[in-house]
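Here are my notes from going through this one. Have the structure open while you read, and check each point against it.

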Amino acid sequence: MAFGGLVLTNRGRTLQAKAQTGTELKYTRIGIGDGNLGSGSILDLNRLINRIKYLDITKIQRRSGGRAIIGGVLSNQELEQGFYFREIGVFAEDPDNGEILYCYANARELAEYIPSAGGPDVIEKAIDVQTTVGNAQNVTAVIDESLILVSKNELDEQRVYLEQYTQDEIEKIPTPTSEAVNMLELDFASASEPPSVYPYGITTFRTWNPESGWPTQHGLVTTNYQQDNAYAYQTFLSTDSDAVFMYRNWASDRQEWREWRRMADGESLDEHVANAAIHHTHNNKIYLDQLNEDTDGNLIYKGERIGKKTTVDALYRDVALLNLQQEMNDRV
């Protein structure tokens, strides 16, 4: 099939001239048919010679050189009878004369046969038509967005954009490190403020203000803040006469700090961290899904034996310790 190029009809020329002075150039639809032009003149046409169907416009693109691309989709799924795709025309809305045939082309003997529906050939092709718009500033089209198809080039362009955008966003995410602790200013925050007021990573500061809400007036606050209010953990070491070491973590589901808990005497730091993670473990059912028991009554978690347990807290503490160890191994 070869149409060569579409020719402006007389009514199309009139509308195009109006568009140069500011009138809206609004394309409405595309018509296709099998009419024979013979020796007839395109200039006087205002309809297709033998229209078979209309195509909804699915895209309009302004191009350089006073041109525009009008696109639609040709499908044979509703065709009751096959036809030779011989003529095509673009229709537009003239504010004075209503809908007109703006431009037209005829393939004559080079027409392509389009079979009817129900046969072995399923036809669905994108039809792009180049039209003349000149210097018109207001070029539009009636587009049914539910029919819009995306070309491979457009998909490739979008994929490249999204990949670059994702990479740029990843690079913006700060990477916390356990190798450095950021010292903040005195009384940096009160006890009630959310993790979002702290920088990412591990920070520490001293308290002095008795109205700040910390367990005691004088102490050292250490915060481990990993992501937006999802995981945060704090310890408080009192520097008053009665030294107290306490800890708490952030309840992301309630968006509030849990109550302070005092570190047990003789408790190791790893056990302390695991104890603080018990609440998190209770709220995450996937941990329980990975618990099994062997024939000797030992509990197996993620392939590791954690022994026989007699209390729920002891069980969750060891599970949390194992999770912590595996997380540290993943970071190495």
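1. Salt bridges to begin with: this is a predicted model, and there are 6 of them in the structure.

2. Take Lys18 and Asp96, a salt bridge whose closest N and O atoms sit 2.6 Å apart. Lys18 belongs to helix α1 (residues 10-19), while Asp96 is in the loop between β7 (87-94) and β8 (98-106), so the pair ties together parts that are 78 residues apart in sequence.

3. Which of these two counts as buried, and at what relative accessibility? Lys18 does, at 19%; that is just a matter of the cut-off, because buried means under 20% relative accessible area. Asp96, by contrast, counts as exposed, at 58% relative accessibility.

4. Next up is Glu99 with Arg29, another salt bridge, where the closest N and O atoms are 2.7 Å apart. Here too distant parts of the chain get linked: Glu99 is in strand β8 and Arg29 in strand β2 (residues 25-33), 70 residues apart. As for accessibility, Glu99 is partly exposed with a relative accessible area of 30%, and Arg29 is also partly exposed, with 26%.

5. Then there's Arg254 and Glu256, whose side chains meet in a salt bridge at 2.8 Å, N to O. Both ends come out as partly exposed: Arg254 has 44% relative accessibility, and Glu256 has a relative accessible area of 36%.

6. On to the strands. An open sheet is made of 3 strands, ordered β4-β5-β10, with antiparallel pairing. Why does one side of β4 and of β10 lack a neighbour in the sheet? Because β4 (57-63) and β10 (124-132) stand at the edges, each with a single partner strand. Neighbouring strands in this sheet are turned by 20° against each other on average, ignoring direction.

7. Last, the pairing of β5 with β10. Strand β5 covers residues 67-75 and runs antiparallel to β10, with 9 bridges joining the two. If you want one spot to check by eye, go to Gly71: its bridge partner in β10 is Asp128. In general, strands of a sheet pair through backbone hydrogen bonds.

Technical notes:
Residues are numbered from 1 along each chain as its sequence is written. This is a predicted model: local features need pLDDT of at least 70, side-chain atom pairs count only at pLDDT 80 or more; totals for chains, interfaces and linings use all residues. Side-chain values use heavy atoms; hydrogens and water are left out. Two strands pair if DSSP finds at least two bridges between them. Helices (H or I, at least four residues) and strands (E, at least two) are DSSP runs, numbered from the N terminus. Axes are lines fitted to C-alpha atoms, for helices over the stretch in contact, and angles run from 0 to 180 degrees between N-to-C directions. A salt bridge is a side-chain nitrogen of Lys or Arg within 4 Å of a carboxyl oxygen of Asp or Glu. Buried means under 20% relative accessible area, exposed over 50%, partly exposed in between (1.4 Å probe, protein chains only).
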